[in-house]
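Hi,

Here is the structure I promised to send over. Have a look first, and my notes follow below.

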Amino acid sequence: MAKSDAEVKVLGTWASPFVMRVRIALNIKSVAYEFLQERLWEGKSELLLKSNPVHRKVPVLIHGDDTICESLIIVQYIDEWFPSLRAIGMAEGEDARKAAIGQVEEGLMLLEEAFGKCSQGQAFFGKDQIGYLDITFGCFLGWLRVTEKMSGIKLLNEINTPALLKWANRFCNDAAVKDVMPETEKLAEFGKMLRGRVRATPTS
């Protein structure tokens, strides 16, 4: 059997943007795969512990006899942006909340400028079709929408980020993306559950 015909499996959780990155990339390449959902808050499966014994984290891609435990390299901006999204929901006090929102808005305006340079007037960062930069940024759109819903502020809007707003809509409606992009309401409930668990965990 050719390597390209080997069975492909993805270990992950439906809500994880890092897992989404892998699933979208597979969809774009029309690769058939089995999605094995991990319920990490209830314990980790034997397959996950065997596949990623060091870090014990998702996503994990299993392709035949090969196991890969790394997602795409994330640009420095995203490494800073996602924690900022979480900071909006976790901020204590109005000043902290405004500071967190301001940080995200500033980052999105920089991304708006970067999109214009990369896309050169076309639909995606990858020009006329979704590329790896689109996947890298786009997998966070579900949580961005949750943040907008919970904060009551449109972080992507016609005034500050008009091109990025249109890009986000195109990305989320793409055939490779729409079936794995979590529904905002469902993701928001999942976020509330996680926050409740974090706040209920005693500190040493």
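**How α4 and α7 pack**

α4 and α7 lie roughly perpendicular to each other, a label for angles of 65 to 115 degrees. Their axes cross at roughly 80° and come within 8 Å; axes here are lines fitted to C-alpha atoms over the stretch in contact, with angles running from 0 to 180 degrees between N-to-C directions. On the α4 side, Leu108, Leu111, Glu112 and Phe115 meet Pro162, Ala163, Leu164, Trp167 and Arg170 of α7, where contact means heavy atoms within 4.5 Å. Those residues split into 7 nonpolar, no polar and 2 charged.

Before you read on: this is a predicted model, with local features needing pLDDT of at least 70 and side-chain atom pairs pLDDT 80 or more, while totals for chains, interfaces and linings use all residues. Numbering runs from 1 along each chain as its sequence is written, and side-chain values use heavy atoms, without hydrogens and water.

As for α4 itself, residues 94–119 make a helix (a DSSP run of H or I, at least four residues). The 26 residues reach 37 Å from first C-alpha to last, close to the 38 Å expected at 1.5 Å a residue. Buried residues (under 20% relative accessible area, 1.4 Å probe, protein chains only) in α4 include Leu108, Leu111, Glu112 and Phe115. Just after α4, Gln120 has a positive phi of about 55°.

And what sits in the loop between α6 and α7? Thr161 does, and Thr161 counts as buried because its relative accessibility is 0%. Beyond its neighbours within four places in sequence, Thr161 touches Leu108, Met109, Glu112, Leu155 and Leu156.

Cheers

Terms used. Helices (H or I, at least four residues) and strands (E, at least two) are DSSP runs, numbered from the N terminus. The expected span of a helix is 1.5 Å times one less than its number of residues. Buried means under 20% relative accessible area, exposed over 50%, partly exposed in between (1.4 Å probe, protein chains only). Angles under 35 degrees count as roughly parallel, over 145 as roughly antiparallel, 65 to 115 as roughly perpendicular and the rest as oblique. Ala, Val, Leu, Ile, Met, Phe, Trp, Tyr, Cys and Pro count as nonpolar, Asp, Glu, Lys and Arg as charged, and the others, Gly among them, as polar.
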